[in-house]
Amino acid sequence: MTQISNNDIGKRVTIRLKDGEGFRDIVGHLKSTTTLVNRHGQLIEFEPTLIHIRREIKEVPRTATGGAPLSIRIYELEAAMAKTWRAREEELIDGWLFRADLGITKRANSALVLNQDSKFNDQIDELIDWYRNRNLNPAIILIPKLHNELDIALAERGFEITHDCFTMVKNCADSIVDFEFQVTDNPSHEWLATQGDQKLAELFTRSEAKYLSIILEGEIVAAGRVGFADGWAVLSRIWVKPDQRGKGFGRKILAALENESGGHKLALQVESKNEIAINLYESMGYTTHHIYRIREQRQQINLIQDLCC
């Protein structure tokens, strides 16, 4: 038997257990000599006498595009991004993060898939009931590259594709900023008004973030938000006043957001059809990390919920 001592507590390990006639693997950070916490935050108990093999997982320095298998990086990044956009109600059920927030934005009113469990039919039923009970259209965010069978099953259950989006990333960078901009820890009334985000004010303040504005002749001409979680700086609500577009303010607000990122890895989300924004981000060094998809089973109209991000 492989022994686990108190000196091992806190280490990330993979453990193979002799379970009946076969073996079972568990992975996570040791909480005690008989428990570990997996990447979903679930506490897993195990019997030390059943340990067949135990191996410590050495942490590899993480960059925005490397350091772990892609599937693990995707789940970790999606979980981090969710922490910068917290819903009023959140419930983790078997690796799916159910979220509801009075129908305000799709990200805060959809289930985020954070595992690759192939036994998902019961979870789809639970998804439908959970959102219908809250008078919301059942919606779900998945990664087509990782969840192909689930994607097909949802289509067969009447879930339509509403958005295909790119998650783009960049390693932390020292952006050159030779212009003035304003930074606040909470969104001002003027900042919220630029995109009609007054209904998002409470959602914004549930997570650590900074709110940036570029002001020209007393008026906000560009704005953005950077939220922080798990070593990531997540950029969102990037906006340029329509009559000021094409004048370099998009590039400036992006540089300002990066300047305020605190040296964290950078991430943002953009709809796949938004070619202008994608071209800008690529020109600033961002690359596509993965594609995520939003599916929704529509039975009622909820215009506020249709706001993606």
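Modeller: Glutamine 269 lies in strand β15 (helices, H or I of at least four residues, and strands, E of at least two, are DSSP runs numbered from the N terminus). The model is predicted, so local features need pLDDT of at least 70 and side-chain atom pairs pLDDT 80 or more, whereas totals for chains, interfaces and linings use all residues. Residues are numbered from 1 along each chain as its sequence is written, and side-chain values use heavy atoms, with hydrogens and water left out.

Glutamine 269 counts as buried because its relative accessibility is 13% (buried is under 20% relative accessible area, exposed over 50%, partly exposed in between, with a 1.4 Å probe and protein chains only). Beyond neighbours within four places in sequence, glutamine 269 is in contact with Glu78, Met81, Arg107, Phe166, Thr167, Leu235 and Tyr292 (contact means heavy atoms within 4.5 Å).

Strand β15 (residues 265-271) pairs with β14 (residues 232-240) in the parallel sense, over four bridges (two strands pair if DSSP finds at least two bridges between them). Leucine 268 of β15 is the bridge partner of leucine 235.

Both strands belong to an open sheet of eleven strands with mixed pairing, in the order β6-β7-β8-β9-β16-β10-β15-β14-β13-β12-β11. At its edges stand β6 and β11 (182-184), each pairing on one side only. Neighbouring strands are turned by 25° against each other on average, direction ignored (axes are lines fitted to C-alpha atoms, for helices over the stretch in contact, and angles run from 0 to 180 degrees between N-to-C directions).

Helix α1 (residues 70-83) touches β7, β8, β10 (160-170), β13 (219-229), β14, β15 and β16 (287-296), and its direction makes about 65° with that of β16. Helix α3 lies across β7, β8, β9 and β16, and runs at about 160° to β9.

A further helix, α2, buries Gln123, Ile124, Leu127, Ile128, Trp130 and Tyr131. Among the elements that cover these residues are β6 (89-93), β7 (96-100), β8 (111-113), β9 (139-142) and α3 (148-156).
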